[in-house]
Amino acid sequence: MVYEHEKCGHEEIIYNPRDSVTPFLIPCPNCCEGYYKNRACIIDASDLMRHQIALMNYQPDFKPPQGMFVFHDDGIVRREGDGCDSTS
Ligand SMILES: [Zn+2]
């Protein structure tokens, strides 16, 4: 899943390990780093980046590398290896 933030131009590839839909809008990690660290950032509508394209088909055996953003079962996006990973 490729997301792009129009305001700052940041692009992020986010792996979807679930064979399911993903949010159309998520907070930009470039503008809202605090959101991904401790959920402390207050998200403004202009801080949301938009889903652009589905890059990969569903690949259940794919192992996301450290630092890659991943959609988790609770629907929350987390950075792989940030200490909150429940899959390893
Ligand atoms: Zn941004």
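Here is a short tour, from the overall fold down to single side chains.

Before you start, know that you are looking at a predicted model, where local features need pLDDT of at least 70, side-chain atom pairs count only at pLDDT 80 or more, and totals for chains, interfaces and linings use all residues. Residues are numbered from 1 along each chain as its sequence is written, and side-chain values use heavy atoms, with hydrogens and water left out.

**Stop 1: the whole protein**

Show everything as a cartoon. Follow the chain along its sequence and the pattern reads β-β-β-α-β-β-β. The C-alpha atoms fill a box of roughly 35 × 30 × 20 Å along the principal axes.

**Stop 2: the sheet**

Now select the strands. In what order do the six strands of the sheet sit? The order is E3-E4-E1-E2-E5-E6, in an open sheet with mixed pairing. Two strands count as paired if DSSP finds at least two bridges between them. Strand E3 (25-27) and E6 stand at the edges with a single partner strand each, so one side of each has no neighbour in the sheet. From one strand to the next, the twist averages 40 degrees, using lines fitted to C-alpha atoms as axes (for helices, over the stretch in contact) and angles from 0 to 180 degrees between N-to-C directions.

Zoom in on E3 and E4, which pair in the antiparallel sense over three bridges. Click Pro-27 and look across to E4: the bridge partner there is Leu-48.

**Stop 3: the salt bridges**

Side chains of opposite charge can pair when their charged atoms come close. For a salt bridge, a side-chain nitrogen of Lys or Arg must be within 4 Å of a carboxyl oxygen of Asp or Glu. By this rule there are three salt bridges.

Select Glu-6 and Arg-50 to see one of them, at 3.4 Å from N to O. Glu-6 is in the loop between strand E1 (2-4) and strand E2 (11-15) and Arg-50 is in strand E4 (residues 48-53), so this pair ties together parts that are 44 residues apart in sequence.

Next, pick Asp-47 and Lys-7, whose closest N and O atoms are 2.9 Å apart. Asp-47 sits in the loop between helix H1 (33-38) and E4, while Lys-7 sits in the loop between E1 and E2, so the pair links parts 40 residues apart in sequence. Is each one buried or exposed? Asp-47 is buried at 11% relative accessible area, whereas Lys-7 is exposed at 53%. Buried means under 20%, exposed means over 50%, and partly exposed is in between (1.4 Å probe, protein chains only).

Then go to Glu-33 and Arg-79, with 3.4 Å between the closest N and O atoms. Glu-33 belongs to helix H1 and Arg-79 to strand E6 (residues 77-79), so they tie together parts 46 residues apart in sequence.

**Stop 4: the cysteines**

Select Cys-31 and Cys-32. Cys-31 is partly exposed, at 32% relative accessible area, but Cys-32 is buried, at 0%. How many disulfides does the whole structure have? The search finds zero, where a disulfide would be a pair of cysteine sulfur atoms within 2.5 Å.

How values were computed
Helices (H or I, at least four residues) and strands (E, at least two) are DSSP runs, numbered from the N terminus.
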